[in-house]
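Hello,

Here is the structure I promised to pass on to you. Have a look at it first, and then read on for what turned up.

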Amino acid sequence: MTYCVGLLLNEGMVLLSDTRTNAGLDNIATYTKMFSFEEPGERVVTILTAGSLSVTQTTMARLREAIDAPEASAESSIMLAPTMLKVAEILGNTLAGVRADIDGKMNAAKSSATASMIVAGQRAGGAMRLFLIYPEGNFIEATEDTPFLQIGEHKYGKPILDRVVKPSTSLSDAQKAVLLSMDSTLRSNLSVGMPLDLAVIARDACRVTMRRRIEAGDADFAAMSEAWSKALRDGFSRITL
């Protein structure tokens, strides 16, 4: 399983993913689920992935092939697309095509593979945009009313985001919010696991302005987790009915 989350704020975008994949309790591995493509100052595109590893890896491979192809165009390459909307369309079409191909091969086994993705980015002169791409290739966009998107095992980490995240939330507070959201998920679902990948894209920078890998046993993350647990216990004890 997976948990990935993206926030679209006035100051920029904050993205977080876990790295655990598993095919049963005895087959757990670590794979990155965050991929960034940059031409600093011109555009930045960051993609988070959840679902079947065969689908997500093939989709990312096809996106890279399209970028590097001699005949790359604004219709095929996310690094030449004129808008972030077009980037989302390219990603959606690629994901849907890969899923259909793999499903065709798996039909004999009466099984299927699926995946979803979050894509965040900005090109010079354009607005920051954040999309959730569904397995079928269609997508929705983060808005001022709903400034965050999640994929994977999202239910445990959603309550804190609902309560504290607004477009006006600062990038520093947003990092705290997504990490606490992930901490809640880690505590409630063993299929989501560390290390974690955290990225920040400041508004109009057109590049990833901060990137951090948080390993298991990270002292800062552990201290934040314990402080949050204590705050919840203290708050709970003060509530009267």
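How far apart are the end C-alpha atoms of helix 1 (residues 53–68), and what should its 16 residues span at 1.5 Å a residue? The end C-alpha atoms are 22 Å apart, which agrees with the 22 Å that the helix should span. The expected span here is 1.5 Å times one less than the number of residues. Helices (H or I, at least four residues) and strands (E, at least two) are DSSP runs, numbered from the N terminus.

Before the rest, a word on the ground rules. This is a predicted model, in which local features need pLDDT of at least 70 and side-chain atom pairs count only at pLDDT 80 or more, while totals for chains, interfaces and linings use all residues. Residues are numbered from 1 along each chain as its sequence is written, and side-chain values use heavy atoms, with hydrogens and water left out.

Back to helix 1. Its buried residues are Val55, Thr56, Thr59, Met60, Leu63 and Ala66, where buried means under 20% relative accessible area, exposed over 50%, and partly exposed in between (1.4 Å probe, protein chains only). Looking down the axis, these buried residues fall within an arc of 125 degrees, so they line one face of helix 1. The arc is taken from the directions from the helix axis to the C-beta atoms. Glu65 and Asp68 are exposed on the face turned away from the buried side.

Helix 5 (residues 219–238) can be read in the same way. With 20 residues, helix 5 reaches 29 Å from its first C-alpha to its last, close to the 28 Å expected. Phe221, Met224, Ser225 and Ser229 are its buried residues. Among what covers them are helix 4, strand 11 and strand 12 (210–214). On the other side of helix 5, Ala219, Asp220, Ser237 and Arg238 are exposed. Ala227, also in helix 5, is partly exposed with a relative accessible area of 46%.

Next, the interior. A nonpolar core is a set of buried Ala, Val, Leu, Ile, Met, Phe, Trp, Tyr and Cys residues joined through side-chain atoms within 4.5 Å. The largest one has 25 residues, and Leu7, Val14, Leu16, Leu161 and Leu179 touch the most other members. Strand 1 (3–8), strand 2, helix 3 (158–164), helix 4 (171–188), strand 11 (196–202) and helix 5 each give two or more residues to this core. Helix 4 gives the most, with eight. Beyond its neighbours within four places in sequence, Leu7 is in contact (heavy atoms within 4.5 Å) with residues including Gly12, Val14, Leu130, Phe148 and Val178. There is also a second, separate core of 24 residues, which includes Val45, Leu63, Met117 and Phe131.

The structure holds 14 salt bridges, each a side-chain nitrogen of Lys or Arg within 4 Å of a carboxyl oxygen of Asp or Glu. In one of them, the closest N and O atoms of Asp18 and Lys33 are 2.9 Å apart. Asp18 lies in strand 2 (residues 12–18) and Lys33 in the loop between strand 4 (28–30) and strand 5 (34–39), so this pair ties together parts that are 15 residues apart in sequence. Asp18 is buried at 0% relative accessibility, and Lys33 is buried at 3%.

Two other salt bridges sit within helices. Glu89 and Lys86, with their closest N and O atoms 3.7 Å apart, both lie in helix 2 (residues 84–106), three residues apart, about one turn. Lys86 is buried at 17%, whereas Glu89 is partly exposed at 31%. Glu75, Lys86 and Glu89 are linked in a network of salt bridges. In helix 5, Asp234 and Lys230 come to 2.8 Å between their closest N and O atoms; the two are four residues apart, about one helical turn.

Finally, the rings. Rings of Phe, Tyr and Trp (its six-membered ring) pair if their centres lie within 6.5 Å; planes under 30 degrees apart count as stacked, over 60 as edge-to-face and the rest as tilted. By this rule there is one aromatic pair. Phe131 and Phe139 form it edge-to-face, at 5.4 Å centre to centre and 85 degrees between the planes. Phe131 is buried at 1%, and Phe139 is partly exposed at 26%.

Best wishes
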